[in-house]
Amino acid sequence: MFSRLQRFYTSIKVVADMVMLAVAFALAYVTRFSGIVPVTEGIPPWEDSLVSLLMVLVIFPATFKQSRLYATNRSRTNTGEVFEVFKSTITATLILVAATYFARERYSRLTLVIFVVYAFVLVTCSRLAFRYVLSEVRRRGHNLKSILIIGAGELGQRVVETVEGHRELGFRVTGLLTLRPEKVGQYVNGVRVIGHVDDVERVLDAQPVDQVIIALPLQEQAHVKRLMEPLALRTVDVRVVPDLYQYITLYGGLEEFGGLPIIRLQGDPMEGWSQVAKRAFDILFSLLAIVVTAPLMAATALAVRVSSKGPLLYRQERMGMDGRTFHILKFRTMRVDAENTGAMMARKDDPRRTVIGTFLRKYSLDELPQFFNVLTGDMSLVGPRPERPVFIEEFKRQIPRYHLRHKVKAGITGWAQINGLRGQTCIEKRIEYDLYYIENWSLLMDLKILVRTALGGFLSKNAY
C-alpha cells in the first residue's frame, strides 16, 4: 500500500511537470515569434521544434528525478522546494544545451532563455499548488488510514518516525502494543503504548484499524506465528518490518524475484536509468572537456616532451568498479626509472619528479588525459579516486567498508577531493566522504562537484 500510494503521488508530479514543461515550451515559442521580439531570420516551422520538445520532456523529468524532486520529503519547506526546482532547472538546461549541441539540433537561444523562465515559474507554481492541496487534505483528516504497530522497541520507533514523516500518504498511527508490560501507558515518539501484544484482539475489537505492522526484534520473531492466528481471521492488512537494519550497509531494501520476497542488505547504488543517465552525462561532458582543453593538452604534451626523455603518457594500473583493474592515463611527471625499486606513493618534495612534473602535479594538469578513460568507460567524471591494487589489500584490512567505494566507477574528481582530501591525507576520512557521495549521489551533485573543481577544486596543498 505504501509503495502504491508513493507511485501514485509520484506519477501525478511527473505528469504535472511534463504538462507544465510542454506549456512553457509553447508559450516560449509564441512569445519569441509573435512579434513582441523582432525576428530577423524568419519564423521556423513549429514541426522543427518537436524534437527539442521531446528532448525537454525526457531530460527535465529525468534531472528532477536525479535531484530527488520526486522523493517524499516532509521536512522540505516551500522555499526549499522552490530552490530545488531552480537548481534542477538550471542543471537540466545545461544538459539540454549539451545534448542539442552534439545532436546538431537547431534552436533559438532566446527561445531557450524564455522557455527556462516559463518552465521554472510554471513548475514551481504547480508544485506549490500540489503541496497546498495535500496539506489541506491532511489537515481536514480526509481518507486517513489507521495503523496499529506491534512492537514498541527501537524498530517500532523507526516505523512511527517513518509513518509520521510521510503524512501526505494519509496514514496515522493509532497506538502501539509492547512485549514489556511496564511500557503500557507510556508514549513513543508521541504515540501511546495502548497494550500488550496479547491484547491485539481486544484492541482490534475496540477501535477501527486498517493496517497492522509487526515490528518485533529478531529474538522475538517466535511471537509472529502466534499473532498471525487471530489476525488471519480478520480483514485487516498485515505487514512485517524485518529487524535487519543493523546489517544493511549500502542501498539495502526489499526486492521481489518471481514472486519471492528478498531482502537486500547491500546493493548497487546506480541501476537502470540512473546508470544510463550517469553514463550519458559522462560522455557528453567528457567530450566537451576534451574539445575545450585540447590546446592545453597539446601544450602540456609538448612541455613533457621537451623537458625530459621518455613517453608522453604514463599508464598505471588502478582498481575501479567491482574490483576490476584498468590502466589510468596521465601525463608523465616522473623519471622513467621512478619505480625500479617498487611501487611507492607520491610524497611531498618527491625527488622522482621531473621539472615540469612538479608544475603539472601542483595544478593537476597531469590528470587531463583521464577524460579518455571516461570515454572508454573505465572511469567516470565524478567518483572516488582509484587506488593502486598493491595498496588496496592493506586498506581493506585496516578500514571497515573500504570495499564499498568500488560499487561505483572511479572518478577524475570527487567529493573527497573538492574538500581537500588529496594525496597523503587521512584515508579513513576520504572513505567517509566517498561513501557519503555514493549514498547521496545525484546528477545535480555531480554537476556541483564539477563546478567546484573547475573553480579551483583541483588546487590543493596536498597535490604532489
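**Exercise 1.** With which residue does Arg226 form a salt bridge, and how far apart are the closest N and O atoms?

*Solution.* The model is a predicted one.
Step 1: the partner of Arg226 is Asp198, with 2.5 Å between the closest N and O atoms.
Step 2: locate both residues. Arg226 belongs to helix H7, whereas Asp198 sits in the loop between E4 and helix H6 (200-206); 28 residues separate them, and the pair links distant parts of the chain.

**Exercise 2.** Determine whether the partners in the salt bridge of Arg385 and Glu367 are buried or exposed.

*Solution.* 
Step 1: the two side chains meet at 3.2 Å, N to O.
Step 2: the relative accessible area of Arg385 is 12%, so Arg385 is buried. Glu367 also has 12% and is buried.

**Exercise 3.** Describe the setting of the salt bridge between Asp434 and Arg405.

*Solution.* 
Step 1: the closest N and O atoms of this pair are 2.9 Å apart.
Step 2: Asp434 is in helix H13 (residues 427-439) and Arg405 in the loop between H11 and strand E12 (411-413), 29 residues apart.
Step 3: Asp434 is buried at 3% relative accessibility, as is Arg405 at 5%.

**Exercise 4.** In what order do the strands of the six-stranded open sheet lie, and how does the chain cross from E5 to E6?

*Solution.* 
Step 1: the order is E3-E4-E2-E1-E5-E6, with mixed pairing. The edge strands are E3 (187-188) and E6.
Step 2: E3 and strand E4 (residues 191-196) run antiparallel, joined by two bridges; Tyr187 stands opposite Arg192 there.
Step 3: E5 (residues 211-214) and E6 (residues 237-240) are parallel, with four bridges. The chain passes between them through helix H7 (residues 222-231) in a right-handed β-α-β crossover.

**Exercise 5.** What is the secondary structure of residues 110-130 and 283-304?

*Solution.* 
Step 1: the unreviewed UniProt entry annotates both spans, among others, as "transmembrane region".
Step 2: residues 110-130 are 100% helix, with end C-alpha atoms 30 Å apart.
Step 3: residues 283-304 are also 100% helix, their end C-alpha atoms lying 27 Å apart.

Conventions: Residues are numbered from 1 along each chain as its sequence is written. This is a predicted model: local features need pLDDT of at least 70, side-chain atom pairs count only at pLDDT 80 or more; totals for chains, interfaces and linings use all residues. Side-chain values use heavy atoms; hydrogens and water are left out. Two strands pair if DSSP finds at least two bridges between them. A crossover is right-handed if, with the strands pointing away from the viewer, the path from the first strand over the helix to the second runs clockwise. UniProt positions are given in the numbering used here, feature names are shortened, and annotations may be inferred rather than shown by experiment. A salt bridge is a side-chain nitrogen of Lys or Arg within 4 Å of a carboxyl oxygen of Asp or Glu. Buried means under 20% relative accessible area, exposed over 50%, partly exposed in between (1.4 Å probe, protein chains only).
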